Amino acid sequence: MSGPVAGIDYHALRAAVSMEQVLELLGYRPACRRGQQLRGSCPIHDPLAAGALRCFSVHLGRHAFRCFHCGAQGNQFDLWQLVHDLPLYEAALLLCREARITPPPSALSMPQQPKIRNVSS
């Protein structure tokens with residue numbers, strides 16, 4: 001039987017890994033770039049599908065993506081999870097491993113410090 005699974009602070013993970021880092025880890029190469037906006041084929045589905053060559057749009061500053069072909073959209077962590085087709089927790093662990101960062105622990109999984117009261121005599 002396995003021990004308890006440590007919780008991950010997904011908000012902290014999204015803050016620690018940018019959309020640009022996720023795209024780099026995926027080996028994504030956009031067809032065109034205008035400022036912080038990238039366009040190209042969608043890494044989630046078959047790039048040879050009809051009309052799929054420029055259906056994927058990413059805004060690096062907003063850490064957001066959208067595919068106008070398959071309808072997928074979200075932040076950099078959502079993209080990572082969809083490309084790898086993994087449950088949330090496993091996708092987070094893989095992203096941390098690939099980005100070479102320690103998974104940020106959630107406040108709920110951290111041991112609680114005992115509260116010390118100052119008692120005056």
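Of the 121 residues in the chain, 27% are buried, where buried means under 20% relative accessible area, exposed over 50% and partly exposed in between, using a 1.4 Å probe and protein chains only. The structure is a predicted model, in which local features need pLDDT of at least 70 and side-chain atom pairs count only at pLDDT 80 or more, whereas totals for chains, interfaces and linings use all residues. Residues are numbered from 1 along each chain as its sequence is written, and side-chain values use heavy atoms, with hydrogens and water left out.

**Overall fold**

- The secondary structure comprises four helices and five strands, with helices (H or I, at least four residues) and strands (E, at least two) taken as DSSP runs and numbered from the N terminus.
- Along the sequence, these elements follow the pattern α-α-β-β-β-β-β-α-α.
- Among the contacts in the chain with a separation of 6 or more, 45% are between residues 24 or more positions apart, a contact being heavy atoms within 4.5 Å.

**The sheet**

- The five strands make an open sheet in the order β1-β2-β3-β4-β5, with antiparallel pairing; two strands pair if DSSP finds at least two bridges between them.
- Strands β1 (32–34) and β5 (73–75) are at the edges and have a single partner strand each, so one side of each is left without a neighbour in the sheet.
- From one strand to the next, the twist averages 15°, with axes being lines fitted to C-alpha atoms, for helices over the stretch in contact, and angles running from 0 to 180 degrees between N-to-C directions.
- Strand β2 (residues 37–40) pairs with β3 in the antiparallel sense over four bridges, and F56 in β3 is the bridge partner of G40.
- Helix α3 lies across β3, β4 and β5, and runs at about 120° to β5.

**The nonpolar core**

- The largest nonpolar core has 24 residues, of which L23, F56 and V58 touch the most other members; such a core is a set of buried Ala, Val, Leu, Ile, Met, Phe, Trp, Tyr and Cys residues joined through side-chain atoms within 4.5 Å.
- Two or more residues of this core come from each of α2 (19–26), β3, β4 (64–67), α3 and α4 (88–99), and α4 gives the most, with five residues.
- Leaving aside residues up to four places away in sequence, L23 touches Y28, L38, V58, L60 and L79.
- As general background, nonpolar side chains tend to be buried together in soluble globular proteins.

**Aromatic pairs**

- There are three aromatic pairs, counted where rings of Phe, Tyr and Trp (its six-membered ring) have centres within 6.5 Å, with planes under 30 degrees apart called stacked, over 60 edge-to-face and the rest tilted.
- The pair of Y10 and F77 is tilted, because the ring centres are 5.8 Å apart and the planes are at 35°.
- This pair links distant parts of the chain, with Y10 in helix α1 (residues 10–16) and F77 in helix α3 (residues 76–84), 67 residues apart.
- Y10 is partly exposed at 22% relative accessibility, whereas F77 is buried at 3%.
- The rings of F56 and F65 likewise form a tilted pair, with their centres 5.8 Å apart and their planes at 35°.
- Both F56 and F65 are buried, and together with Y28 these residues form one aromatic cluster.

**Individual residues**

- S57 is located in strand β3 (residues 56–59) and counts as buried at 11% relative accessibility.
- The side chain of S57 makes a polar contact of 2.3 Å with the side chain of Q37; a polar contact is a pair of N or O atoms within 3.5 Å, where within protein one must be able to donate a hydrogen and the other to accept it, and residues adjacent in sequence count only if both atoms are side-chain atoms.
- Not counting residues up to four places away in sequence, S57 touches Q37, L38, R39, A64, F65, R66 and F68.
- L82, in helix α3, is partly exposed with a relative accessible area of 39%.
- Not counting residues up to four places away in sequence, L82 touches I44, F65 and A72.
- L82 and H45 are 37 residues apart in sequence and 9.5 Å apart from C-alpha to C-alpha.
- D78 also belongs to helix α3 and is partly exposed at 27% relative accessibility.
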